[in-house]
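Please walk through this fold with the model open beside the text.

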Amino acid sequence: MSSESTSILRLRPAVRRVEAAAWKTLQRCREALRLTEIPLPIPVEEWIEFPLRYRFGVVRLADGVLGQAFIEDREIQISDRIGHEGRFRFTCAHELGHQVLHRRRAREFIDAGVMLSEPNRRVEWEADRFAAAFLMPIPLVIEQLFRLRDALGVRREEMTVLLQAGAHSLALWRDTFVPAVARRFGVSKEVTVYRFGEIEFADGTPLMPAEHRPEIIRRRAPRPQGGEPHANLFSEL
Ligand SMILES: [Zn+2]
């Protein structure tokens, strides 16, 4: 993580570990491919195979299963039924997260879009966070925000409006920044909003005001079978 980004942002220690692992994995790929910059959208499927050298397949999985990671075989399988490109990419990065972070936690991870058991929750949260950090690394997100500002002709004063609550800020995020950033990084609008919500400045102010979140993302109705329907991001996708 570049010092420029971390100096203005606050990351909790648990978050820092996951963000650092994702950033290190990205740098490993960039160096192996002798690239001067990380390309956007990040080619997650290609990089899983090379240079990271995992076996990768898009296959028919059991009903409801989105992706799975087999640690010993260094294998990642993704459901061929995920139609949405952003969701597909997030699932790839989530399984990569299990491979990178959780080699000693289990031999395999089967991820379904259903509630996960209690002990798994932290592991799943970490895989989600890794996926978001891998697909939307903080230094590149910040850089893109400023590039977008210039490309879209958003005035400098309006950038401070972004950090505040209110209709003007909401309109800028909803109509301009969220769709443009989602396209640039090849992720869903949900993942973009999640990412903007979790990046905080050193004083604890989130990059995107929390009250915008439900306004931008139309929540689906909670699942009928009790429990918390939104235990992690992965289960929402
Ligand atoms: Zn998982």
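Pro41 sits in the loop between α2 and α3 (44–49). A cis peptide bond links Leu40 to Pro41, with omega about -10°. Helices here are DSSP runs of H or I with at least four residues, strands are runs of E with at least two, and both are numbered from the N terminus. This is a predicted model: local features need pLDDT of at least 70, side-chain atom pairs count only at pLDDT 80 or more, and totals for chains, interfaces and linings use all residues. Residues are numbered from 1 along each chain as its sequence is written.

Move on to the loop between α3 and β2, which holds Pro51. The peptide bond from Phe50 to Pro51 is cis, with omega near 15°. Arg53 lies in the loop between α3 and β2. Its phi is near 60°, a positive value in a residue other than glycine. Is Arg53 buried or exposed? Arg53 has 11 C-beta neighbours inside 10 Å, so it counts as exposed. The scale is simple: a residue is buried if 20 or more other C-beta atoms lie within 10 Å of its own, exposed if 12 or fewer, and partly exposed in between, with C-beta atoms placed from the backbone. Buried residues make up 33% of the 237 residues in the protein.

Now the sheet. Strands of a sheet pair through backbone hydrogen bonds, either parallel or antiparallel. Two strands pair if DSSP finds at least two bridges between them. Four strands form an open sheet with mixed pairing, in the order β2-β4-β3-β5. β2 and β5 (108–112) stand at the edges with a single partner strand each, so one side of each has no neighbour in the sheet.

Strand β4 (residues 75–79) is mostly covered, with four of its five residues buried. Strand β2 (residues 55–59) pairs with β4 in the parallel sense over five bridges. Strand β3 (residues 65–70) pairs with β4 in the antiparallel sense over four bridges. Glu75 of β4 is the bridge partner of Arg55 and also of Phe70. Ile76 of β4 is the bridge partner of Ala69.

The hairpin of β3 and β4 has four residues between the strands. Arg74 is found in that loop between β3 and β4. Arg74 has a positive phi of about 50° although it is not a glycine. With 15 C-beta neighbours inside 10 Å, Arg74 counts as partly exposed.

Turn to the helices. The axes of helix α2 (residues 13–32) and helix α5 (residues 121–135) come within 9 Å and cross at roughly 45°. That makes α2 oblique to α5. Axes are lines fitted to C-alpha atoms, for helices over the stretch in contact, and angles run from 0 to 180 degrees between N-to-C directions. Angles under 35 degrees count as roughly parallel, over 145 as roughly antiparallel, 65 to 115 as roughly perpendicular and the rest as oblique. Residues in the contact include Val18, Trp23 and Leu26 of α2 and Phe130 and Phe134 of α5. Two residues are in contact if their C-beta atoms, placed from the backbone, lie within 7 Å.

Helix α4 (residues 85–101) also meets α5: the axes come within 7 Å and cross at roughly 115°. Among the residues in this contact are Phe90 and Leu101 of α4 and Phe130 and Phe134 of α5.
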